[in-house]
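Subject: Structure handover

Hello,

Here is the structure for your files. My notes on it follow below.

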Amino acid sequence: MERQDRYVYQYYTDPWPHAVVDDFFPEDYFQQLRKKFPDVVHPKLKDALFECAYSRDNELTAYMQDHIPWLHEVFKDAYVKPYDKLHADTVFASQSPGFEYYIHNDMPSKVFGILVYMGDTGEGTRLYYGRTEDTYAKTVEWKPNRAMVWALSEYDMTEGQETFHMYRNLTGEIRDSINTMFRREYESNSVKL
C-alpha cells in the first residue's frame, strides 16, 4: 500500500510543534488496519482494566517508514535537525478502560512521532507546557483516522523544546491507535535506540 501523495494538515507551534491530519490513511487501508485490532491486540486485554497492549506489524512499519521525507517537509521550520538515518518503530496500541499514561516527555533518540486514532470512540491526546497538570495547553481531539504528528526536541533537551503529553482512556471501550516513533539510528555500535 502506497502512502498518500499529499496530506492536508493544520500546523501548530503551541505548546510545541505538531500537526493534525484528518483522513491520514486511505479509507480502504484504514478499514483493513481497524479489522486487525481484535485479532492482534485485543486478546491481550481480555477482561482487563487499567492495562495496555501492543503488537508490531512489519508491513505497517515499512509503510510508515516512507513518511520520513514528508515529516522533514512538515517540520522544516521547527527546531528538529535533518537526520539521514531514521527508522520507524510502529505498533498497534490498545488501552483498556481506566488506563492512564502519565504526563511525559519523549525519549532523546526519538525525532518524530505519528499517532493515528483508530477506534470509533476514544479520548484524544493532552498536550502540556511542562510536567504537571497545571501546565495543560490543549487536547488533540479524538476522531477516527486523525493523526497527530510531532517533531521532538534535540538530543540535549534544552529548555523550551519538550513535548510533554499524556493519554488516557476514560471510556468504557478499548482505545485503539497506531503509534509510530521515528528514532535516530546509530551506526557506531549498530544499536537502535
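Lys 110 is buried, at 6% relative accessibility (buried means under 20% relative accessible area, exposed over 50%, partly exposed in between, with a 1.4 Å probe and protein chains only). Its salt-bridge partner is Asp 106, with the closest N and O atoms 2.8 Å apart; a salt bridge is a side-chain nitrogen of Lys or Arg within 4 Å of a carboxyl oxygen of Asp or Glu. Asp 106 is buried as well, with a relative accessible area of 8%.

This is a predicted model, in which local features need pLDDT of at least 70 and side-chain atom pairs count only at pLDDT 80 or more, while totals for chains, interfaces and linings use all residues. Residues are numbered from 1 along each chain as its sequence is written, and side-chain values use heavy atoms, without hydrogens and water.

The structure holds eight salt bridges. One of them joins Asp 22 and Arg 146 at 2.6 Å, N to O. Asp 22 is partly exposed at 30% relative accessible area, whereas Arg 146 is buried at 16%. Another joins Asp 57 to Lys 36, where the closest N and O atoms are 2.9 Å apart. Here Asp 57 is buried, with a relative accessible area of 14%, and Lys 36 is partly exposed at 24%.

As for the sheet, seven strands form an open, antiparallel one in the order β1-β2-β9-β6-β11-β4-β3. Strands are DSSP runs of E, at least two residues, numbered from the N terminus, and two strands pair if DSSP finds at least two bridges between them. β1 (9-12) and β3 (52-56) each have a single partner strand, so one side of each is left without a neighbour in the sheet.

Regards

How values were computed. Helix = DSSP H or I, 4+ residues; strand = E, 2+ residues; numbered from the N terminus.
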